[in-house]
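Subject: Structure handover

Hello,

Here is the structure for you to open and keep beside this email. My notes on it follow below.

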Amino acid sequence: MKAIQWFTVLSALFFLGSILYFEIGTLLYMIPVVILTALYALPIFPRGKSLRNVARIKIYIIGLVWAIATVVVPSAVAEADFTLALWVETLQRFLFIVVVMLPFEIRDLQYDDTSLQTIPQLIGITNTKIFGSALMIIFLLLTLLKSQIELHEIYSTLLITILILLFLWNAKKRQSEYYCSFWVESVPLFWLVIYIALL
């Protein structure tokens with residue numbers, strides 16, 4: 001935990017230093033992300049709790065922050081039109097992050113307090129995998145709602161869906177130290193490599 005705390009402090013310092021290079025409009029768009037991240041990390045609620053410790057919502061907060069930070073904010077800064085395709089991309093990013101988090105939730109069953117009521121705690125490991133699979137099918141089908149889509153995007157989305165499902169269904173309560181911390185964490189990089197390879 002100390003290593004994580006130090007990394008968080010260093011990341012915060014890096015963020016504060018990078019503010020100098022942002023335009024005011026960009027900073028305004030980042031406010032919701034910063035607030036959610038702070039509420040997630042800092043124990044400002046009663047009994048020293050943060051959003052991370054509030055039952056049932058941790059994984060969704062993470063998905064929301066990622067979706068806003070990686071789709072909504074860059075699109076707003078680029079002054080892109082908020083079309084159906086952009087909202088579909090935002091929802092896809094949210095679903096992607098939620099499902100990628102599930103192997104971590106399964107791994108942490110042996111560590112998490114039962115009061116957190118994580119998805120595996122509530123519905124069990126097998127049902128968590130079924131739930132994640134259903135979300136990934138929705139993630140994949142949402143691609144068809146985009147008005148302008150090229151074949152390489154369809155193929156890359158299909159391949160990353162298969163990859164995530166493989167990681168999800170092979171996740172165990174007791175797993176290799178590097179299963180989540182390296183392989184599952186690498187999924188966004190795999191997606192980038194697949195996307196570039198298919199261009």
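Lys-146 and Glu-153 are joined by a salt bridge, and their closest N and O atoms are 2.8 Å apart. Before going on, please note that the model is predicted.

Are the two partners buried or exposed? Lys-146 has a relative accessibility of 8%, so this lysine counts as buried. Glu-153 has 19%, and because the cut-off for buried is under 20%, this residue counts as buried too.

Lys-146 also forms a salt bridge with Glu-89, where the closest N and O atoms are 2.4 Å apart. This second pair links distant parts of the chain: Glu-89 is in helix H4, while Lys-146 is in the loop between H6 and H7, 57 residues away. Glu-89 is buried, as is Lys-146.

Next, the loop between H6 and H7. Thr-143 lies in this loop, which runs between helix H6 (125–142) and helix H7 (151–169). The relative accessibility of Thr-143 is 3%, so the residue counts as buried. What is Thr-143 in contact with, leaving aside its neighbours within four places in sequence? The contacts are Gln-92, Ile-149, Ile-154 and Thr-157.

Now the nonpolar residues. In soluble globular proteins, nonpolar side chains tend to be buried together. The largest nonpolar core here has 29 residues, and those with the most contacts inside it are Phe-96, Phe-139, Ile-160, Ile-164, Val-184 and Val-187. Two or more residues each are given to this core by helix H3 (58–77), helix H4 (84–107), H6, H7, helix H8 (177–184) and helix H9 (187–198). H4 gives the largest share, 11 residues. For a look at one member, take Val-184: leaving aside neighbours within four places in sequence, this valine is in contact with Val-100, Pro-103, Phe-104, Phe-167 and Tyr-179. There is also a second, separate core of 9 residues, which includes Leu-36, Val-65, Ile-68 and Val-73.

Which helix gives the largest share of the patch? That is H7, with 6 residues. An α-helix has 3.6 residues a turn, so residues three or four places apart point the same way.

Last, the start of the chain. Helix H1 covers residues 2–18, which makes 17 residues. From first C-alpha to last, H1 reaches 24 Å, close to the 24 Å expected at 1.5 Å a residue. This helix is hardly covered, with a count of 1 buried residue among its 17.

Regards

Technical notes. Residues numbered from 1 in each chain as written. Predicted model: local features only at pLDDT ≥ 70, side-chain atom pairs only at ≥ 80, totals over all residues. Heavy atoms only, no water. Helix = DSSP H or I, 4+ residues; strand = E, 2+ residues; numbered from the N terminus. Buried < 20%, exposed > 50% of the residue type's maximum accessible area, 1.4 Å probe, protein only. Contact = heavy atoms within 4.5 Å. Core = buried A, V, L, I, M, F, W, Y, C linked by side-chain atoms within 4.5 Å. Expected span 1.5 Å × (residues − 1). Salt bridge = Lys/Arg side-chain N within 4 Å of Asp/Glu carboxyl O.
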